[in-house]
Amino acid sequence: MKLYDLKAQGLDLQENIPLSCYTFTQTGGPAEYLAFPKTLAELKELLAAAREDQLPITVIGNASNLIIRDKGIKGLVIILTEMKEIKVEADKVHAQAGARIIDASFAAGEAGLSGLEFAAGIPGSVGGAVFMNAGAYGGETKDCLESATVVTRDGEVKTYTNAELHFSYRHSLLQENDEIVIAATFALKAGDKATILDQMNYLNALRSYKQPLEYPSCGSVFRRPTGHFVGPMLIKAGLQGKQIGGAQVSTKHAGFIVNKGGATATDYLNLIHYIQKTIKEKDGIALQTEVRIIGEK
């Protein structure tokens with residue numbers, strides 16, 4: 001088996017590891033094989049080995065906006081959090097995909113660069129932010145991304161401009177073409193460092209006040225329907241505080257589902273389906289999930 005050759009060479013490869021150790025919900029079944037590449041070369045070796053071994057490949061960033069089903073994931077799971085270098089050059093921030101977007105935001109702020117303030121509290125990775133056009137407080141990744149470098153499943157490295165990524169609300173081309181973000185460049189504007197950092201700290205204080213950060217969660221669960229806000233809809237429908245197993249519609253922010261203790265991914269999914277069914281019946285609106293749901297059914 002080619003993967004075992006890489007392990008023998010010192011690459012960090014583990015077997016049957018519970019992914020609940022890595023997800024922000026603290027739920028999820030095991031990865032059949034789990035690897036943490038530190039370089040593009042290691043990542044390309046893993047992709048080639050998995051192809052040779054005929055294993056499916058799943059790539060994960062910081063696992064903050066993710067629900068992994070309780071049966072886990074077959075094949076090779078690659079977590080990119082060891083590819084986390086961030087560099088600031090002139091008015092640009094270059095970040096590897098596994099870096100936290102929070103860290104990229106603060107690197108920009110410390111350099112007196114404005115444009116990434118909105119991301120100061122987003123817990124996902126840079127790659128995840130590009131993949132889903134992450135946003136908060138009026139800003140989105142597309143607003144400041146200059147380009148993204150990706151690797152195909154065949155190991156070819158490519159670079160996309162902002163326009164080529166076809167960004168829309170919580171969407172990018174990368175959700176359709178199965179390519180893997182390995183780095184991103186953000187084009188920012190010079191500003192006053194103190195003002196930028198004050199804005200970032202204000203947004204984080206606001207987030208802490210409004211969101212249930214004291215419990216494990218996957219962040220905002222549903223996409224915002226046109227003309228509506230999810231939290232108020234759920235409150236009006238009497239869903240705030242609704243609990244199935246250990247998963248609960250947060251009593252602090254109804255747009256979040258929190259792990260109150262011992263929740264499983266199945267609890268999360270059952271609660272999501274219950275909410276969707278209730279809102280469809282009461283308001284005629286089909287809520288779509290923002291959180292990614294993956295793994296064996």
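In which sense do strand S6 and strand S7 pair, and over how many bridges? The sense is antiparallel, and there are 4 bridges between S6, residues 86-89, and S7, residues 92-96. Bear in mind that this is a predicted model. Within that pairing, Lys87 has His94 in S7 as its bridge partner. The two strands make a hairpin with 2 residues between them, and Ala90 in the turn has a positive phi of about 55°.

Next, an open sheet. It has 4 strands in the order S15-S18-S17-S16, with antiparallel pairing. The partner strand S18, residues 256-259, is joined to S15 by 2 bridges and runs antiparallel to S15. Ser220 has Phe256 in S18 as its bridge partner.

One record entry. UniProt, in an unreviewed entry, lists residues 26-191 as "domain: FAD-binding PCMH-type". In the model, that span is 20% helix and 34% strand, and its end C-alpha atoms are 38 Å apart.

Now salt bridges. The count is 12.

The side chains of Asp178 and Arg153 meet at 3.2 Å, N to O. This pair links distant parts of the chain, 25 residues apart: Asp178 is in the loop between helix H5 (174-177) and strand S13 (180-187), and Arg153 is in the loop between strand S11 (145-151) and strand S12 (157-161). Asp178 is partly exposed at 45% relative accessible area, and Arg153 is partly exposed at 22%.

Lys277 and Glu281 form a salt bridge with their closest N and O atoms 2.8 Å apart. Both residues are in helix H8, residues 265-283, and they are 4 residues apart, about one turn of the helix. Lys277 is exposed at 52% relative accessibility, and Glu281 is exposed at 57%.

Glu140 counts as buried at 16% relative accessibility, while Lys142 counts as partly exposed at 31%.

Last, cysteines. How many disulfides does a search of the whole structure find? It finds 0. Cys21 is exposed, with a relative accessible area of 55%, whereas Cys144 is buried at 4%.

That is the end of my part.

Note on methods: Residues are numbered from 1 along each chain as its sequence is written. This is a predicted model: local features need pLDDT of at least 70, side-chain atom pairs count only at pLDDT 80 or more; totals for chains, interfaces and linings use all residues. Side-chain values use heavy atoms; hydrogens and water are left out. A disulfide is a pair of cysteine sulfur atoms within 2.5 Å. Buried means under 20% relative accessible area, exposed over 50%, partly exposed in between (1.4 Å probe, protein chains only). Two strands pair if DSSP finds at least two bridges between them. UniProt positions are given in the numbering used here, feature names are shortened, and annotations may be inferred rather than shown by experiment. A salt bridge is a side-chain nitrogen of Lys or Arg within 4 Å of a carboxyl oxygen of Asp or Glu.
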